[in-house]
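I opened the model to look up two things. The entries below cover the disulfide count and the nonpolar cores.

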Amino acid sequence: MSTRGNTKANVKSAALAALAIGALAVGASDAATESHRRARQVILHYTFSRTEQPIIVLGDSITEASTLPRSLCDHAVVNAGLDGASTVSDLGTWLLKGLNGRRAAAILIALGTNDALQGRKQEEFKANYGSLLAQLRGATDHLAVVGIPSVEVRGRMPPDYQAETMKRIDAFNAALPALAEKGGATFAALPPMPAPHTIDGIHLDAAGYAVWEDAVLNGVRGACSTH
């Protein structure tokens, strides 16, 4: 491979390492990320054990870093964002174990950014997402899916990597409405984001969260109509 080719590959690898949505900070190690995720999973298990009929938002670190309200129409809102989560994280098994037979008022799934960053193929994404919906369908009467936010050329996100990632995000978003319908879920569309809407190309800033959180809350309001 030429020096030019090596340089391009190195830039892309560095961008992926620095911008991976599961990282706690630029340069955070995989071990630190895994330790953080495990600790958070334990805390969430405690939360589920004392919460009846919660509204659960299941996602990655975009969810984890959000400032969702503590309650909605008298249901506790549980932020179940897990650093680094994707459709291959077996979140359905983990969540059902945490609920331990209890039902949720609503479960909204907010995943896909890590799948796009990691270069996951469309068919694998669809199969994984469909399996997750099938797992969770029996745990709630209100299952929902929210769209995946766009990424920007910002911070350490180079233009070529942003373009590749956006191709996957656009394809994933195009597939989500049909996946949701097949899985017995409602689809919460994510409106176009303002520019800019991230702090680093991926993680949302205040303007981005204003749009994202509104879409998430609209997606779980179905639980309020039967309360």
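I began with the rule for a disulfide, which is a pair of cysteine sulfur atoms within 2.5 Å. By this rule I count 1 disulfide. I noted that this is a predicted model, where local features need pLDDT of at least 70, side-chain atom pairs count only at pLDDT 80 or more, and totals for chains, interfaces and linings use all residues. Residues are numbered from 1 along each chain as its sequence is written, and side-chain values use heavy atoms, with hydrogens and water left out.

Disulfide entry. I found the bond between C73 and C224, with sulfur atoms 2.1 Å apart. Its S-S torsion is about -80°, so I wrote it down as left-handed. C73 sits in the loop between strand 2 (71-72) and strand 3 (75-81) and C224 in helix 9 (residues 222-225), so the pair ties together parts 151 residues apart in sequence. (Helices are DSSP runs of H or I, at least four residues, and strands are runs of E, at least two, numbered from the N terminus.) I looked up accessibility too: C73, at 26% relative accessibility, is partly exposed, and C224, at 23%, is partly exposed. (Buried is under 20% relative accessible area, exposed over 50%, partly exposed in between, with a 1.4 Å probe and protein chains only.)

Core entry. A nonpolar core is a set of buried Ala, Val, Leu, Ile, Met, Phe, Trp, Tyr and Cys residues joined through side-chain atoms within 4.5 Å. The largest has 39 residues, and F48, W94 and I107 are among those with the most contacts inside it. Helix 7 (residues 159-182) gives the most to this core, with 8 residues.
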